[in-house]
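Open the model in your viewer and keep the selection panel at hand. The stops below say what to select and what is there.

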Amino acid sequence: MAQISFQNVSKTYAGGKSAALTDFNLSINDGEFMVLVGPSGCGKTTALRMIAGLEEITGGTLRINDTVANDLAPRERNIAMVFQSYALYPHLTVGENIAFGLKVRGAKPEEVAAKVRETAALLELTEFLDRKPARLSGGQRQRVAMGRALVRSPNAFLMDEPLSNLDARLRGQMRTEISRLQLIRAVTTVYVTHDQVEAMTMGHRVAVMNKGTLQQLDAPRRLYDNPVNMFVASFIGSPPINFMEATLVGHDGAPALQIGPFLLPLPASAERLARRIGGKVVAGIRPEAFKVRTGSTGPGTLSARVLFVEDLGADLLLHLDSGEIAMGHADMIEDERDVMKSSPKLKAMIDGSHRISRDESVSFAIDPASILVFDAQTGVTL
């Protein structure tokens, strides 16, 4: 087993001109399933490769079980890695691929055979042990790649976007499979992905990264409910959150949001924002917070025209004309401004039992507790 910690770790390229990681701090507990998530180029794969010993550390300290690992060779770390590309030997059978690492380490033939049988049974690969990789499906190949890592009983598993080459159905199956195996083995696992659905459904804790820095570390539900800034709010949740320009106003003696022509009261916990009344902020409302409302409109409601409807079966995803609602903000810092540009229209996720058509005008009730408020200059949650 392994406890892994990054202490002020940095990684720079091109003579210090390009930074992949900057002052990165992260502690991964023994037996934990830690997910590193973020957009391409955020530094998550660099961090994973540092743990494996495949990437040199420019500054700071990496510890594995209280041992400084900065200069340890990969073979000295007893860590197994599963790659995006499977990296199977095409001329070897499934059994030979799984056994390869054990044979290289000089394990006895009877030990190799026993561990291969055990691992194949765990991954439901027993009937495929004599097949070559070319005769396997994508999901089966990924399980073989995992078997080659599992058979070694390593201190930690490192997984670099292992499901990105699979179709949506297989990805769902393999998410469950990997989570099940991690629960059975209780081995420290560090999993890299850019898919926030994988992060939310698999990780004990999730580290959200952007441009080489750690934005927030927390359990998936707390990241969703309490993001520290607009970047985290935008990256966690599917469909992505709606960002709207707003003004803090007073309503019935409490702060509320004026969003275009609509007035949205805030929960009692928003009293701390009273000193900001009159100021500009950014409101964040997740698509699933929209509830169809019939009858009169007023404070706490928002209306919009439906541009088109995605029927997802159990749910309908409505794409809405934002009308008088401003979806961008000129003073946002770079990352958050890019986030806002990516979602120029409102989105609402509602129950699939509703019958709603294109061009229909719909009113929605917004639960005050579901509204997030961000500083218009920094993007930080207020």
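**The whole chain**

Residues 24 or more positions apart account for 70% of the contacts (heavy atoms within 4.5 Å) in the protein chain with a separation of 6 or more. This is a predicted model, in which local features need pLDDT of at least 70 and side-chain atom pairs count only at pLDDT 80 or more, while totals for chains, interfaces and linings use all residues. Residues are numbered from 1 along each chain as its sequence is written, and side-chain values use heavy atoms, with hydrogens and water left out.

Show the protein chain as a cartoon: nine helices and 20 strands are there. Both are DSSP runs numbered from the N terminus, with helices being H or I of at least four residues and strands being E of at least two. Along the principal axes, the C-alpha atoms fill a box of roughly 75 × 50 × 35 Å.

Next, colour by accessibility. Of the 382 residues, 50% count as buried; buried means under 20% relative accessible area, exposed over 50%, and partly exposed in between (1.4 Å probe, protein chains only). The protein chain exposes about 17400 Å², and carbon and sulfur atoms supply 49% of that area. Accessible areas come from the Shrake-Rupley method with a 1.4 Å probe, and for residues only the protein chains shown count as cover.

Then colour by charge. The protein chain has 42 positive and 42 negative side chains, and the centres of the two sets lie 5 Å apart. Lys and Arg count as positive and Asp and Glu as negative, with His and the chain ends not counted; each charge is placed at NZ of Lys, CZ of Arg, CG of Asp or CD of Glu.

Select I98, I178, Y191 and V208, the residues with the most contacts inside the largest nonpolar core, which has 46 residues. A nonpolar core is a set of buried Ala, Val, Leu, Ile, Met, Phe, Trp, Tyr and Cys residues joined through side-chain atoms within 4.5 Å. Helix 4 (residues 138–150) gives the most to this core, with five residues.

Centre on V208. Not counting residues up to four places away in sequence, V208 touches V37, T213, L214, Q215, Q216, L223, F231, V232 and I236.

**Helix 2 and its ends**

Select residues 94–104, which form helix 2; V94, G95, N97, I98, A99, G101 and L102 are buried there. An α-helix has 3.6 residues a turn, so residues three or four places apart point the same way. What do the buried residues of helix 2 pack against? They pack against helix 3 (109–122) and helix 4.

T93 counts as buried because its relative accessible area is 15%. Not counting residues up to four places away in sequence, T93 touches L129, D130, R131 and K132. Helix 2 is followed by G106, whose phi is positive, near 80°.

**Backbone details**

Show the backbone at S238 and P239, which are joined by a cis peptide bond with omega of about 0°. P239 lies in the loop between helix 8 (230–235) and strand 11 (242–251).

Two residues other than glycine with positive phi come next. N8, in strand 1 (residues 4–13), has phi near 55°, and its relative accessibility of 43% makes N8 partly exposed. K211, in the loop between strand 9 (205–210) and strand 10 (213–218), has phi near 50°. K211 counts as partly exposed because its relative accessibility is 47%.

**Two exposed loop residues**

Select R358, in the loop between strand 18 (346–351) and strand 19 (361–366). Is R358 buried or exposed? R358 counts as exposed, at 63% relative accessibility. Not counting residues up to four places away in sequence, R358 touches V306 and L307, and its side chain reaches the backbone oxygen of L307 at 3.4 Å. For a distance check, the C-alpha atoms of R358 and H319, 39 residues apart along the chain, are separated by 9.3 Å.

Finish at E324, in the loop between strand 17 (315–321) and helix 9 (334–341). E324 is exposed, with a relative accessible area of 65%. Not counting residues up to four places away in sequence, E324 touches G260 and P261. The C-alpha atoms of E324 and E288, 36 residues apart along the chain, are separated by 21 Å.

Conventions:
Polar contact = N/O pair within 3.5 Å; in protein donor to acceptor, adjacent residues only side chain to side chain.
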